[in-house]
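Hi,

Here's the structure I promised to pass along.

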Amino acid sequence: MDMLMFQLQRNSTIPLYQQLYKEIKEAIISGTISVETKLPSKRKLADYLALSQTTVELAYSQLLAEGFIESRPRKGFYAQPIEELAYLEVLQDEPVIAEQVDYAFDFNPGKIDTPSFPFSTWRKIAKEVIDETNHEMLLSGHPQGDETLRQEIAHYLFQSRGVVCSAEQIVIGSGTEQLVPLLIRLLPKTLVFGFENPGYPLTHNIFSHYDRKAVPIAVDQEGINLKDLEASQVDVAYVTPSHQFPTGSVLSATRRSQLLNWAGAGERYIIEDDYDSEFRYTSRPIPALQSMDMGGRVIYISTFSKSLMPSLRIAYMVLPKRLLPAYQQTFLHYSSSVPRLDQQMVARFMKDGHFARHLNRMRKLYQKKLEKLTSSLLLFAPVVKISGEQAGMHIVLTIDTTRTEKELIELAQQAGIRVFGLQSYNVQEQAVFPPQIILGFGGLSEGEIQQGVDHLMACWNIPIKKSSSSIKR
C-alpha cells in the first residue's frame, strides 16, 4: 500500500505509539485501509513518519493483539475484515466522580483522631509479624479468620461487652458491608428484614441489592419503636441498640427485653450492630443485647473502624450456635476476605495489651472533644439543643429556626463547613421542623471544634445568648 500521512501530535501527552495505533485502527474501521491490504513494514513506516521502529512496533503489536491486523510469516502485516472482528465502537460515559470539597471544618461523624494513632507500636508489631519464620502468614488460613484473632476478639467481647461466645462462632470479614450479605444469603429468602429509620444507609441499600424485602421501622428517643416492629411482618430486625445511628438514642432496658421477647416468639433474629460501643462517657458501657440473649436469636456485629482505623477494613460477627452449622456448610469453600497480615497484627496488638491502652487513651481524648463541643454549643441555647451526647463520636443538634435542614447545610457549606442533616438518613426524606443536624467531632482538634462552632453559628445567624456573652471559653 502507499504510505498514509497520519496526523501525529508530537507535543501531545498521548504517546506517539498510541496515536499511531488509533490512526491505523480508525483507517481500517472506516475502510480507508481496505481488507487484506498489506501494511508498510515497521522500518519503512518508521522512516516515512520519522519515528523510531520501537514506536511503530508497539502500535502494530496493539493492533495485532486486538485483531485489526494479521501477521503472516515472511510476508508482513495485513488488515483484517471488520465483520469478523465483531468490533463495536462504544461511546464511553464520563465517569461519575464525586466533587472534592476542601472544608475548613469537617464535622464528619465517620472521622477519627488520626494523629493519636500509635504508629510506632503498629510499626513494631508489623516487623514482628513479617518474619521469615512466619510461613503460615503466606497461606490462606481459616475461612472464618485466623483463630488467634478470633480468640482475642472473643476474650475482648466478654470483658467489655458481656458477650459470651467461642472463637468458633466468630467470622472475620472486610467490613459490615461484606458480612451482612453473608447473613442475607444464610437466612431463608422468605424472611422480611426491618431496619431503623432513620438509620445507617448502607443497610438499606444492601437489602435491596440482594433482592430482600425490607421495611423501615421508626426510631424515637428510646430506640426502635417496638409497637411498629410488632405490627410489621418483619422476621429479622437490624438495630444499633447501644448508640442508635444517627439519632444517638439508647435502647431502653424495657425495650431490650421486649425486643428479645419479640425474637423469641417465632423464628426471628436480631442483627445487633455495635459499631461504636467502646466510647461511652456518662456511665459504664451498656452490655450488648447479645449478652441478654438466652435463645440464640442475636447476631452480633462490630468493627475496628472507630476503635482503630476505618482503612483497616476488619469487622466481625458472632453467630448464634444454631446458625453455625448452616454457615459452615453454605460457605465451606470461601476464604477469609481479610489479609492474614492484618489479622495477625491486630491479634498481636490485642494480646499484648496495646488495644486496651489505646481505647483508654482515645476514650479520654474523645470525651475532652465532646466536652469542648457541648460547652461551645451551650452558649447558643435555647436556640440550639443537644442530644445523643452519652456515647459515640457525634451529637445531634435541634435548631429552633424557620430554615429547613437543607438550607442550614447549604449555608454551612458556603462557609466551608461540612455538616450532615438527620433527615438525609431517613428513607422517607422530607422537611421536618425543627431541623436536626449531626456533628461528628472525632476528626477535629479542640481548637478546630471551638472555631468550627463559632463559624457555624455565625453563618446561621444564631447569636450567643446574652447571659453567656461575658463567659470566658
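A quick word on terms: buried means under 20% relative accessible area, exposed means over 50%, and partly exposed is in between (1.4 Å probe, protein chains only). Keep in mind that this is a predicted model, where local features need pLDDT of at least 70 and side-chain atom pairs count only at pLDDT 80 or more, while totals for chains, interfaces and linings use all residues. Residues are numbered from 1 along each chain as its sequence is written, and side-chain values use heavy atoms, with hydrogens and water left out.

Salt bridges to start with (a side-chain nitrogen of Lys or Arg within 4 Å of a carboxyl oxygen of Asp or Glu). The structure has 14 of them. One of these joins Glu128 to Arg348, with the closest N and O atoms 2.8 Å apart. It links distant parts of the chain, 220 residues apart: Glu128 is in helix α5 (residues 119-129) and Arg348 in helix α12 (residues 340-351). Helices here are DSSP runs (H or I, at least four residues), as are strands (E, at least two), numbered from the N terminus. Arg348 is partly exposed, at 31% relative accessible area, and Glu128 is partly exposed with 31%.

Asp274 and Arg161 also form a salt bridge, with 2.6 Å between the closest N and O atoms. Both ends are buried: Asp274 at 2% relative accessibility, Arg161 at 4%. Elsewhere, Glu36, Glu70 and Arg72 are linked in a salt-bridge network. The charged end of Arg72 also sits over the ring of Tyr78, 4.2 Å from its centre (the cut-offs: NZ of Lys or CZ of Arg within 6 Å of the ring centre and within 35 degrees of the ring normal).

Now the rings. There are 16 aromatic pairs, counted for Phe, Tyr and Trp (its six-membered ring) if the centres lie within 6.5 Å; planes under 30 degrees apart are stacked, over 60 edge-to-face, and the rest tilted. Phe193 and Phe207 are a stacked pair, 4.7 Å centre to centre with 25° between the planes, and both are buried. The centres of Phe245 and Tyr425 are 5.2 Å apart and their planes are at 90°, so that pair is edge-to-face. Phe245 is buried at 11% relative accessible area, and Tyr425 is buried at 10%.

Finally, ring pairs link Phe117, Phe119, Trp122, Tyr156, Phe304, Tyr316, Phe349 and Phe355 into a cluster.

Cheers
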